[in-house]
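Colleague: I'm new to this one. Can you walk me through it?
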Amino acid sequence: MLEEQIYAYLKKHPNKRFSLREVVRGLRLDKDEAKEALDLLVAEGKVLEPRRKLYQLPEAQGRKGLEGHLQAHPAGFAFVIPTSPDLPDLYIPKGHLGGAWHGDRVRAEPRPPGRDGKPWGVVVEVLERATHQVVGRLYFKQGFAWLKPDDARLPALKLKPVGLEGLESGARLVVRVHYPSGKQKEPYGEVSGYLGQGDSPEVETEAIIAKYELRSVFPPEALAEAERVAHLDPKEIARREDFRALRVFTIDGPDAKDFDDAIHIELLPNGNYQVGIHIADVSHYVKEFSPLDHEAYARATSVYLPGRVLPMLPEQLSSGICSLKPYEDRLVLSVLVELTPKGRVKDYRFAEGVIRSVARLTYPEVEAFAVSLASPESSPVPTPPDWSKELKADLAQLLKLTQILKERRLEQGALDFRFTEVKVEVDAEGNLHLIPQREPQARSLIEELMLLANRIVARHLAERQIPALFRVHEDPSQEAFNKLVAALGKLGYSLPGGELSPKALQSILRKAEGRPEEAVVSTLLLRSLRLARYAAENLGHFGLAAEHYLHFTSPIRRYPDLVVHRVLRALLKRRVSEAQKEDWAQRFPKIAQHASERERAAENAERELTKYYQCLWAQRHQGEVYRGMVSGVTGFGVFVSLDNGVEGMIRLGALKDDHYHYHEELLALEGLRTKRRIRIGDEMEVKIEGANPSARQIDFVPTEGFYQNPPHEEPAKKRRKKKKPQAAPQPEASSLPRKVVATEPKSPAPHAKARSRRVVGPPDERKGFSKPVKVKAQKIYFGAWGAESANPDHQTEQKPKAKKKRHRRR
């Protein structure tokens, strides 16, 4: 029965809450039938419905408190991010962390709200430690050696003296953390590596590699195996389907060394097209459970740091035998798709093949070719000499066909955010070069074909109930949805049908296209989405509006792609038994979690080192003026991104023309007097005030041109025009005193008899928390806070207070 099927599905994750959409997608059911079955289970008491269209088993409420990961703040407080995405975050005040560190998996219990009425909790148990290695600076205090971690969210760590001989204060160290058992025993550190003295780019790069536990050196056994397998076997070539007669070519960046994918197109007799997406067959060389496989699993992904690459596979494979170099035979796993001229998939098949690429094309070359096709009257751009007439015709047809594929994908509801990617390069002298990636048509060509291959493979495996590693992107939480609806309403937008779906969000993006609030709308939608991750179950991809999706096209640099290749090859060879499927089902969830964690670590490392180099660039250009665009607005300042990708902040105190108040729902600062609004997407002229590479901070200040420009009107909402009296001329911005306005809302005045209590609720500003200013109140006027009146007559107007008897408490 359907009820039993759903109940068995929920039992697989007894502590998880499921939305109706997750159940429908996970079991591929009809929405109405699934809802009816769930209602019956709820009526029988087998399933609980804590919220509308949200379901869980009764045992999920059995354990007191909630489990989640601790997200700490440098100020000492923290939040527990629950494992269940439908539960709200729980605030943990300073002193109630129970010895937990940032990133730890903990169990927390809520406590009754304080006088401010805000929920809070305490950590009662550390379930799993997240930090086992820390990078920081050495310092000495009270006869002991201490480490100050680079991550300000981690506490100072006392060090064992072993390995500190001859080191001076300020040395950069890698320290292994030990957590003794017992509540009274504090963690301590043991030096495991010395990175250097000072803040040179080389030391900073090594520090980030150690901080995120990236692997920069391959073990000898992995290198030996790579050397042994890095050759072509003639018997293997003869066994495979031969595609060497086809015009197969690659399109990559100008400096790329590992070529995962190659493509071809040919016209079929029935008028359709056969498009070949040929992916390097890494699974032929990297055997499961081998030393190479163990190292690839540990790394999980290639990491592209500024000035340095940490590949997932040794160079003999990543840049050698697995890379689809031109004019060389290479083994591939191919997806051959028959497409109609309107972009519909008519048929497809998979094949183990061998190719020989006829050309190595780059994005700038293809983009120039695409532009010349669109405007033939302009001066033609010379094409490379190895481009044949037939290759140009193939490329022109692919550009046209992939544009149709993209239009169809967007019609189905896939989200299309237009954010320019910036590539970071560091030359031999250590200079930073930020290169915006502006080849939209060339990159879209490859992107559409890779998305097509990924979706076809995912659907093929899911329909046959073959376990795999899927790339999932779950629906936004109910809380995020409510915030999004409220914020869009303030801008004059509403979701079609009032229901959250990729197609509804895409319609909002299209409505906002070209309007002043376009950047704000895009940011609001992006913030409402969850992070994509790997999973062993097919939960669909919300952002792509795809029921089936996985990663298949980059096995040289992503371990999940390599796993999918092994599964598909086993299926092609008819070697998928029930025992094999059961083994995969047992192992894949752990692989998915590990791959997701290493992907996040790689992204954070790339982002942090990029920010460090941006700070170095800003130091060299301090005092110079640039034009930029507002990329973020918070209650403590404005983030501005320059054309080269460098992002800095204008602190609230640097805005001297007015008091500014932060509107969170509009992502805007508004002047209380001038009504000037500073929003995401606004252009600003800024001067580089300073930079701190160690803290990854760049400070901007507005130029005089910002103050001279009149405040812009809000275009999103239609307002009645009212005649306003002509305002008096304002003084120059430079003559105005510096004003800073707190963005926290005022609390209501306490009752006269209320006793002072400690308030333990969360701070109103979770981001950008700064050390509070200590204020000594001289007088409090109940009903309002105010300064002492300068009028002496004002004192006489107050009625004398009658003396009241004090009752001593016993």
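Predicted model: local features only at pLDDT ≥ 70, side-chain atom pairs only at ≥ 80, totals over all residues.

Colleague: How many helices and strands does the protein have?
Modeller: The protein has 18 helices and 34 strands. Those are DSSP runs numbered from the N terminus: H or I of at least four residues for helices, E of at least two for strands.

Colleague: And how much of the protein is buried?
Modeller: Of the 810 residues, 47% are buried. Buried means under 20% relative accessible area, using a 1.4 Å probe and protein chains only.

Colleague: OK, what about α4, which residues are buried there?
Modeller: Helix α4 covers residues 201-211, and its buried residues are Val203, Glu204, Thr205, Ala207, Ile208, Ile209 and Ala210.

Colleague: What covers them?
Modeller: The cover includes strands β9 (133-141), β12 (171-178), β13 (188-197), β18 (303-305) and β19 (308-310), plus α16 (578-620). Just past the end of α4, Glu213 has a positive phi of about 55°.

Colleague: Switching topic: how do α11 and α15 cross?
Modeller: The axes of α11 (residues 440-463) and α15 (residues 559-572) come within 12 Å and cross at roughly 55°. Axes here are lines fitted to C-alpha atoms over the stretch in contact, with angles from 0 to 180 degrees between N-to-C directions.

Colleague: So what do you call that pairing?
Modeller: α11 and α15 are therefore oblique to each other. Angles under 35 degrees count as roughly parallel, over 145 as roughly antiparallel, 65 to 115 as roughly perpendicular, and the rest as oblique.

Colleague: Which residues make the contact?
Modeller: From α11 they are Val457, His460 and Leu461, and from α15 they are Val564, Val567, Leu568 and Leu571. Contact means heavy atoms within 4.5 Å.

Colleague: What is Asp252 in contact with?
Modeller: Leaving aside neighbours within four places in sequence, Asp252 is in contact with Phe259, Arg360, Leu361, Thr362 and Tyr363. The C-alpha atoms of Asp252 and Ala442 are separated by 9.3 Å, though these residues are 190 residues apart along the chain.

Technical notes:
Residues numbered from 1 in each chain as written. Heavy atoms only, no water. Buried < 20%, exposed > 50% of the residue type's maximum accessible area, 1.4 Å probe, protein only.
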